[in-house]
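This report looks at how two chains meet. It then turns to the charged pairs and to one residue.

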Amino acid sequence: MSEVLNFHFNVDGNDFTSAGQASIQIKKNLRRLGLDPETIRRVSIAMYEGEINMVIHAHGGEADVNVYEDRIEIILKDNGPGIENIEQAMQEGFSTAHDQIRSLGFGAGMGLPNMKRYTDDMKIESVVGVGTTVTMCVNL
Amino acid sequence: MTVYDLSKNSQFNVLTMPEPEREINGVYIGDLLSWVMGKAQYDNVWITIMSNINVIAVASLSDVSCVLLAEDVTLDNEVLSTAKQKGINILSTPMSAYDAAIELSGMI
Ligand SMILES: Nc1ncnc2c1ncn2[C@@H]1O[C@H](COP(=O)(O)OP(=O)(O)OP(=O)(O)O)[C@@H](O)[C@H]1O
Ligand SMILES: [Mg+2]
């Protein structure tokens, strides 16, 4: 009884206007599975922050959501520039977003802290010049 | 109070209202999107002066009951039709965020 449901998305790094499509689709899928609204909200916001980060900071990437019986796992993988200092990136208010991105309302440096707060477990693996993988887990 | 009730107040203009029965339980004011996603609560009215397409995704994921554009901020048609399609209520007001919040506080 450990069937896994997998949802896979390619996140386009060039299209700012459609950023968030994967997270909105996941929200719909989880609703259809009948999960409680608060869990859905946590998963979809955490995923959106990660998805937007891949678009803004890493030219896009791939997203996988695995639904297990007892938890939901979100894996965001990109081949972007990587994060030099993860501890610093995790701090509220730290951002390297440039002005054009800020004018859209991003760049508060709250994305990674939100992802940590809305999930039960979060792990960042990053190599400068190679890419970043963020794995998040929400218990059901 | 529902979003429909709010729309009856002459200070608030409906830009699109696909989900008029959404309940309103409070207000969150903010323009930084990650800040809003971290702090806004389910069924809040989100008052902002941001009006780009990402506002629709943030409103949808945060599950706010409506977006209220302060200072008569306007929306592109493309953003408006996306909101309609995604079931996001959007109202606007000539008031500042501060005055709009006071008005809402008297209504909730
Ligand atoms: N996938 C990524 N690849 C490379 N750098 C990243 C990635 N995700 C985050 N970062 C770095 O970590 C910093 C902090 O990220 P965080 O999401 O907290 O804030 P932000 O994206 O800058 O602003 P906000 O999320 O509030 O809009 C970013 O500014 C960026 O330097
Ligand atoms: Mg971010």
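The count between chain A and chain B is 2 salt bridges. The model is predicted. On the chain A side, the elements that give two or more residues to the contact with chain B are α1 (21-32), α2 (37-58) and α5. By class, that side of chain A has 10 nonpolar, 8 polar and 5 charged residues.

**The interface**

In residue terms, 23 residues of chain A are in contact with 22 residues of chain B. The two chains bury about 2000 Å² between them. Carbon and sulfur atoms carry 57% of that area. Three residues, A:Ile24, A:Arg41 and A:Tyr48, supply 27% of the area that chain A buries against chain B. That is more than any other three residues supply. Polar contacts also cross the interface of chain A and chain B: the rule finds 11 residue pairs, both members at pLDDT 80 or more.

**Salt bridges**

The structure holds 5 salt bridges over all chains.

| Nitrogen side | Oxygen side | N to O distance |
|---|---|---|
| A:Lys27 | B:Asp63 | 3.2 Å |
| A:Arg31 | B:Asp63 | 3.8 Å |
| A:Arg42 | A:Asp120 | 3.3 Å |
| B:Arg22 | B:Asp43 | 2.9 Å |

Which residues are joined into one network by salt bridges that share partners? They are A:Lys27, A:Arg31 and B:Asp63. The salt bridge of A:Arg31 with B:Asp63 has its closest N and O atoms 3.8 Å apart. This pair crosses between chains. A:Arg31 sits in helix α1 of chain A, while B:Asp63 sits in the loop between α3 (54-62) and β4 (66-69) of chain B. B:Asp63 has a relative accessible area of 8% and is buried. The cut-off for buried is under 20%, so B:Asp63 falls within that class.

Within chain A, A:Arg42 forms a salt bridge with A:Asp120 at 3.3 Å. A:Arg42 lies in helix α2, and A:Asp120 lies in the loop between α5 and β4 (121-127) of chain A, so the pair ties together parts that are 78 residues apart in sequence. The two partners fall into separate accessibility classes. A:Arg42 is buried, with a relative accessible area of 19%. A:Asp120 is partly exposed, with a relative accessible area of 43%.

Within chain B, the side chains of B:Arg22 and B:Asp43 meet at 2.9 Å, N to O. B:Asp43 counts as buried, at 13% relative accessibility.

**A:Asn114**

Now take a residue of helix α5 of chain A. A:Asn114 lies in this helix, which spans residues 111-118. Is A:Asn114 buried or exposed? Its relative accessible area is 0%, so A:Asn114 is buried.

What does A:Asn114 touch, leaving out residues up to four places away in sequence? The list is A:Glu49, B:Ser34, B:Met37 and B:Gly38. With A:Glu49, the side chain of A:Asn114 also makes a polar contact of 2.9 Å.

Terms used: Residues numbered from 1 in each chain as written. Chains lettered and ligands numbered in written order. Predicted model: local features only at pLDDT ≥ 70, side-chain atom pairs only at ≥ 80, totals over all residues. Heavy atoms only, no water. Helix = DSSP H or I, 4+ residues; strand = E, 2+ residues; numbered from the N terminus. Buried < 20%, exposed > 50% of the residue type's maximum accessible area, 1.4 Å probe, protein only. Polar contact = N/O pair within 3.5 Å; in protein donor to acceptor, adjacent residues only side chain to side chain. Contact = heavy atoms within 4.5 Å. Buried area = accessible area lost by both parts, 1.4 Å probe. Salt bridge = Lys/Arg side-chain N within 4 Å of Asp/Glu carboxyl O. Nonpolar A, V, L, I, M, F, W, Y, C, P; charged D, E, K, R; others polar.
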